[in-house]
Amino acid sequence: MLRFLYVIFMNLFRAPYMITRMRYEADRPERFSEKQRYELDRRAVRIMCKSGKITTVCYGKENLPKEGGYIMYPNHQGKFDALAIISCHEKPCSVVMDIKKSKSILVREFIDLVQGKRLDKSDVRQAMRIIKEVANDVKAGKRYILFPEGGYECNTKNHVSDFKPGSFKSATMSKAPVVPVALIDSFQVFHGFHMKPVTAQVHFLKPIFYEEYKGLKTIEIAQMVKQRIEEKIVEYTF
C-alpha cells in the first residue's frame with residue numbers, strides 16, 4: 001500500500017493530463033484503434049513502474065499463440081497483476097474484472113481503454129452473459145486476461161488458491177487456446193510496507209489447445225492449469 005500511495009504522489013503532476021487523455025480515448029473507440037488505446041495503457045504502466053521502482057521480468061513470450069484469440073489464466077496476487085501482464089504482452093488484450101473493483105478513478109480508465117468486461121459475482125445471469133461475450137470476442141480473435149481464483153484477498157505470497165471451474169466456460173465455449181500465466185512476487189509491488197526496488201515475474205506457459213482439453217470437465221481444466229502454474233512457481237522460488 002505504501003508504494004501505491006507513493007506512485008500516486010510522484011505522478012500528481014501528470015495525473016490530470018494522463019487521466020483526461022485516457023478517458024478521451026476510451027470514450028472514442030471509433031476514432032482510436034485498439035492498438036492505440038492499448039499502447040496508452042502500457043505507457044501509463046511504464047510511468048508507474050519507473051516512478052515506483054518496479055521491474056517486471058517476462059518469460060515465455062514465444063509460447064503465446066501467433067494467430068487468433070486466446071484466454072490467459074493467471075494466478076492472482078494483487079492490484080499489479082493485470083498491469084504486469086499487459087506490460088509484457090505486446091499485442092492488445094483485454095481483461096475481465098470484478099465490477100466492484102473497476103469503478104475507481106484510473107482503474108476505470110485502464111479497463112475502458114481495453115474495453116474490459118466487468119463481472120458482477122452476485123448476479124448469475126450477468127456473469128453468464130459476460131462469459132458468453134468473452135467467448136464470442138475470443139472466437140473473433142480477441143485476447144483476454146481472466147483470473148480464475150476470482151480474487152486475491154486470501155492469497156499469501158506465492159500461494160495459489162483454488163481455481164473456479166466456471167472461469168473456464170469461456171474457453172470451452174470458444175474452443176480457444178488456454179494460456180496459463182504464472183505470476184511470481186507480484187504481491188510485493190503494492191502490498192508491502194517498504195520502498196525498496198521490487199521485481200515481479202510474468203511467465204507465459206505453453207498453451208493448452210482445445211484438442212487437449214475438449215474431453216475434460218471445467219473442474220479438470222481448472223486443476224490442470226493450476227498445477228502447471230504451481231509447478232512453475234515452485235521452479236523459480238525454491
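## Cys58 and the disulfide

Cys58 counts as partly exposed, at 28% relative accessibility. In this predicted model, the sulfur of Cys58 is joined to that of Cys88 in a disulfide, with an S to S distance of 1.9 Å. The structure holds one disulfide. Cys58 belongs to strand β1 (residues 54-59) and Cys88 to helix α4 (residues 81-88), so the bond ties together parts that are 30 residues apart in sequence.

The torsion about the S-S bond of Cys58 and Cys88 is about -75 degrees, and the disulfide is therefore left-handed. Cys88 has a relative accessible area of 1% and is buried, whereas Cys58 is partly exposed.

A disulfide requires two cysteine sulfur atoms within 2.5 Å. Cys49 counts as buried, with 10% relative accessibility.

Cys93 is in no disulfide either, and the nearest cysteine sulfur to Cys93 is that of Cys88, 10 Å away. Cys93 is buried, at a relative accessible area of 2%.

## A patch of positive charge

On the surface, a patch of positive charge is formed by Arg14, Arg43, Arg46 and Lys50. One of these residues, Arg14, is found in the loop between α1 (2-10) and α2 (15-26). Arg14 has a relative accessibility of 32% and counts as partly exposed, because that class lies between the buried limit of 20% and the exposed limit of 50%.

Technical notes. Residues numbered from 1 in each chain as written. Predicted model: local features only at pLDDT ≥ 70, side-chain atom pairs only at ≥ 80, totals over all residues. Heavy atoms only, no water. Patch = residues over 30% accessible without salt bridge, like charges linked within 9 Å, V, L, I, M, F, W, Y side chains within 5 Å. Areas by Shrake-Rupley, 256 points an atom, 1.4 Å probe, with all protein chains shown as cover. Salt bridge = Lys/Arg side-chain N within 4 Å of Asp/Glu carboxyl O. Lys, Arg positive; Asp, Glu negative; His and termini not counted. Charge placed at Lys NZ, Arg CZ, Asp CG, Glu CD. Helix = DSSP H or I, 4+ residues; strand = E, 2+ residues; numbered from the N terminus. Buried < 20%, exposed > 50% of the residue type's maximum accessible area, 1.4 Å probe, protein only.
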